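Below are some notes on side-chain contacts, for reading beside the model.

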Amino acid sequence: MRTTPAVSQEQILLALLIHPTQEKVAAVLGISTATVRRHLKNPEFTEKLVAERQEAISLALGRFLPAVTAAIAQMLEIMRDETLSNALRIRAVKCYIKHARKLLERDSLEARVDSLKDPADVLAAERRAATDRSGGGAPTQSKSAIKADKTQRLIAALFSYGSKQQAAGALGISTTTVWRWMKEPAFVMQYASAKREAFSRVVGLVLQSINTPVTVLMSIFLKKGSTAPCRLMAADLVAEYAPWNEGVQAEINRVKASREKQAA
C-alpha cells in the first residue's frame, strides 16, 4: 500500500515560491496535486503565501540597495567630467535630480514614521530580539559571536543574491533554515537595520552633493563654448531646480534635527 509522505505546510509554501505550477510542486514533494490545491483553498495558508511572495519581491528589489550609492556616484562623476559632452552631463544632472528627489522623500517619510513610534514599543521589541538571540537565557560570549557572524553572513547573502533560495545555496544551508531564521525577531530587526544603514549611506551622499547639479548647470550655460541648445537646457533646469533646492535645504535641516533628537 502506497503511503503519502509527511509534508509540512511550510515545505509546501516554500515549494510554491520556487516552482511555477501546482503539479511541479506536488511532484517535487511527492504528494498529490489535490493536496496542494486543498492547502490553497485555506484562507490562512493563502494569506501566508501572499506575504511570502511580497517578501520575495522585496528581497529581489533589496539587492539594488547596496548598489545605489555607486549609481549616484557614477551620475556625479559624469556630470563633473568636462571632457564629456554637455548634453550627456545635463542628462546625468536630470537623472541625479530625479532620484535624489525620491530618496529624500523616502528618507523624510521614514523619519516621520520613526517619530510616531512609541519608545516603549521600540524598547520592548529590542528586548524580545535580545531574548531571541540568547535562546531565552543569558548568552555566552562565544555563542553570541557565532550567532552574530551567521546573521551577518546571511544578511550579506540576501543583499548579494536577492532570494532565500540563492542565499541558502551560497551559504550551504537549506532554504527552510533561512526561512525560519528570517522569522526570528532578532534577525528581522538586524536585517531592517542593515537596510536602513545602506539607505542612509545613499542619502548621506545625496546630502553631501546636493549643490553639485546647480554648479555644473551654471558652468554649462555661462560657458561661451557651449552650444545654444545645451545652454538652453541647462538654464531651463536651473530655473526648475532652484525652488526645489530651497525646499531640499529645509528638508535637510528637518531630517538632521530629527536624527539628532533620536540620537539624544
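1. A salt bridge here is a side-chain nitrogen of Lys or Arg within 4 Å of a carboxyl oxygen of Asp or Glu. The model is predicted: local features need pLDDT of at least 70, side-chain atom pairs count only at pLDDT 80 or more, and totals for chains, interfaces and linings use all residues. Residues are numbered from 1 along each chain as its sequence is written, and side-chain values use heavy atoms, without hydrogens and water.

2. The salt bridge count is seven. In one of them, glutamate 10 meets arginine 180 at 3.0 Å, N to O. Helices are DSSP runs of H or I, at least four residues, numbered from the N terminus. Glutamate 10 counts as buried because its relative accessible area is 16% (buried is under 20%, exposed over 50%, partly exposed in between; 1.4 Å probe, protein chains only).

3. Glutamate 55 and lysine 164 also form a salt bridge, with the closest N and O atoms 2.6 Å apart. Glutamate 55 is in helix 4 and lysine 164 in helix 9 (residues 164-171), 109 residues apart. Lysine 164 is buried at 5%, whereas glutamate 55 is partly exposed at 24%.

4. Within helix 4 (residues 43-62), lysine 48 and glutamate 44 lie four residues apart, about one turn. Their side chains form a salt bridge at 3.8 Å, N to O. Lysine 48 is partly exposed at 36%; glutamate 44 is exposed at 51%.

Definitions and conventions
Helix = DSSP H or I, 4+ residues; strand = E, 2+ residues; numbered from the N terminus.
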